[in-house]
Amino acid sequence: NLVFSGGPLTPPFASGTLSYSASVTSASNTVTVTPTVADPTATVKVNGVSVASGSPSGPITLNVGPNVITVLVTAQDGVTTKSYTINATYTAVSCVYSLSPLDLPNFAAGGGPANVVVTVPSGCPVTATSFQPWIVVTGITPSGGTTTVSLQIGANSGAARATAIRVADRLFLITQQGP
């Protein structure tokens, strides 16, 4: 079997079929191939590097456009081989993020939950990092073309305060009122 992390193979894997194609549209240009041999005495190499049957290869870097990945299976006799080819076409996705709201001004002193909705092309990762203990990222939930970043903002018993957190590739300003 061959499992390609970049998406489905065309046609679906069959041991007698030696050539496959796949389209990879992503912000990441690395993939892995997980080959599984039928005969436990056979060995397998992906792009010339030995890989244990049933384990993923190391990361394979794709260039924009066509890329050829070879999987060579060698029988126990060390002579008989079967070579599989994956023709992977890579299209880079430009990750342009849109946030709603653009920032969070004048949040109530009592604190509470807040959400930031990130609109992003498929294949682009969404991360969120808080730099202050009074703001906690409680979840990152993708759904279709948007991802919701859930926050918990702590109560403020002192003067008004402000900070920025990183959401996707942007700084997101949060100001909180004092009591």
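A residue counts as buried when its relative accessible area is under 20%, as exposed when over 50%, and as partly exposed in between (1.4 Å probe, protein chains only). With that in hand, here are some exercises.

The model is predicted, so local features need pLDDT of at least 70 and side-chain atom pairs count only at pLDDT 80 or more, while totals for chains, interfaces and linings use all residues. Residues are numbered from 1 along each chain as its sequence is written, and side-chain values use heavy atoms, with hydrogens and water left out.

**Exercise 1. The disulfide**

Find how many disulfides there are, then work out the handedness of the one formed by Cys95 and Cys124.

Step 1: Apply the distance rule (a pair of cysteine sulfur atoms within 2.5 Å). The count comes to 1 disulfide.

Step 2: Check the pair. The sulfur atoms of Cys95 and Cys124 sit 2.1 Å apart.

Step 3: The S-S torsion of Cys95 and Cys124 is about -95°, so the disulfide is left-handed.

Step 4: Cys95 is in the loop between strand S9 (81–92) and strand S10 (98–100), and Cys124 is in the loop between strand S12 (112–119) and strand S13 (128–129), so the bond ties together parts 29 residues apart in sequence.

Step 5: Compare the surroundings. Cys95 has a relative accessible area of 22% and is partly exposed, whereas Cys124, at 9%, is buried.

**Exercise 2. Rings around Phe13**

Work out how many aromatic pairs the structure holds, and which residues form one aromatic cluster.

Step 1: Set the rule. Rings of Phe, Tyr and Trp (its six-membered ring) pair if their centres lie within 6.5 Å; planes under 30 degrees apart count as stacked, over 60 as edge-to-face, the rest as tilted. On that basis you get 2 aromatic pairs.

Step 2: Take Phe13 and Tyr20. Their ring centres are 5.7 Å apart and their planes meet at 25°, so this pair is stacked.

Step 3: Check how open these two residues are. Phe13 is partly exposed at 25% relative accessibility, but Tyr20 is buried at 1%.

Step 4: Turn to Phe13 and Tyr84. This pair is tilted, with 5.7 Å centre to centre and 50° between the planes. Phe13 belongs to the loop between strand S1 (2–4) and strand S2 (19–26) and Tyr84 to strand S9, so the contact ties together parts that are 71 residues apart in sequence.

Step 5: Finish with Tyr84, which is buried at 7% relative accessibility. Put together, Phe13, Tyr20 and Tyr84 make one aromatic cluster.

**Exercise 3. A charge over a ring**

Which residue lies over the face of Trp134, and how far is it from the ring centre?

Step 1: Arg161 lies over the face of Trp134, 3.9 Å from the ring centre.

**Exercise 4. Two residues across a gap**

How far apart in space are Thr146 and Val126, C-alpha to C-alpha?

Step 1: Take the two separations. Thr146 and Val126 are 20 residues apart in sequence, and their C-alpha atoms are 9.6 Å apart in space.

Methods. Helices (H or I, at least four residues) and strands (E, at least two) are DSSP runs, numbered from the N terminus. A charge sits over a ring if NZ of Lys or CZ of Arg is within 6 Å of the ring centre and within 35 degrees of the ring normal.
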